[in-house]
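Subject: Structure for your files, with notes

Hello,

The structure is below, and my notes on it follow. Please read them alongside the coordinates.

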Amino acid sequence: MTTLLVAAIAALFLACHCNSVIAFQSHRVDPIQHYASMYHHKKRDREFERLWMVPRFDKASQKWFPTTDEEGPSAGYGIVGSLYRAGPVPFFQRIVNGDTYEQAVLKYMAQEKCDRKEAQGNMDAFLENPQDWAYQKMQEKSGAAKKDYANANMDPKQIILSTVWACVVVVFAYDLVTGVADGRYGRDATGDIFHGNLWSLPF
């Protein structure tokens, strides 16, 4: 009788232990799945946050405005950056129509959900050559590689070359304007535009 009682208690203990192990196994979390789930949720939260942290349109003033410092002018590049990336057209446009340029950049950021430098790069490329920019965007929609306008022509060698050419143009333009004002250049009675001073031009 005692032996049967001990056997029954042992069987009951073994059954409880097995159930505990099974329950633990069923509730145990795989570390890989756990961290994968955490990464997925964090990525979704970042995308959701990025979706809402974009420039907003104020119906009262009919203007776009940044919602964070990362969307303001300080997060992008200056007019010299536009000159290096896309030439003189966007450079002068930013000087003459600075507010219009800013509004266009903020609108592009809101529509394309991109950062400020990418928006500025695309706006500069559009101002420099609208047809080429539109063609590039059509190609990208068809599967072509996305062009990085934010870093266009920013290779160190290209920057040096652009700087040298800019200096040459500035010196030539200055000498030509002052030369015309001083009478060194300009048509005379003989029709000679440079008065024999062609070889004295600074290039």
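Which side chains meet in a salt bridge at 3.5 Å, N to O? They are those of lysine 137 and glutamate 140; a salt bridge here is a side-chain nitrogen of Lys or Arg within 4 Å of a carboxyl oxygen of Asp or Glu.

On conventions: this is a predicted model, in which local features need pLDDT of at least 70 and side-chain atom pairs count only at pLDDT 80 or more, while totals for chains, interfaces and linings use all residues. Residues are numbered from 1 along each chain as its sequence is written, and side-chain values use heavy atoms, with hydrogens and water left out.

Salt bridges

Lysine 137 and glutamate 140 are three residues apart in helix H7, about one turn of the helix. Helices (H or I, at least four residues) and strands (E, at least two) are DSSP runs, numbered from the N terminus. Lysine 137 is buried at 15% relative accessibility, and glutamate 140 is buried at 18%. Buried means under 20% relative accessible area, exposed over 50%, and partly exposed in between (1.4 Å probe, protein chains only). Beyond its neighbours within four places in sequence, glutamate 140 is in contact (heavy atoms within 4.5 Å) with Ala145, Lys146 and Lys147.

Lysine 146 is itself in a salt bridge with glutamate 118, at 2.6 Å, N to O. Because glutamate 118 lies in helix H6 and lysine 146 in the loop between H7 and H8, this pair ties together parts 28 residues apart in sequence. Lysine 146 is exposed, at 55%.

The whole structure has four salt bridges. Another of them joins aspartate 99 to lysine 63, with the closest N and O atoms 3.6 Å apart. That pair links helix H5 to strand S2, 36 residues apart. Aspartate 99 is partly exposed at 44%, as is lysine 63 at 38%.

Helix H5

H5 (residues 98–112) has 15 residues and should span 21 Å, and its end C-alpha atoms are 21 Å apart, which agrees; the expected span is 1.5 Å times one less than the number of residues. The buried residues of H5 include Tyr101, Glu102 and Met109. The buried residues of H5 pack against strand S2 and helices H3, H4, H6 and H7. Lysine 113 follows H5 and has a positive phi, near 55°.

Regards
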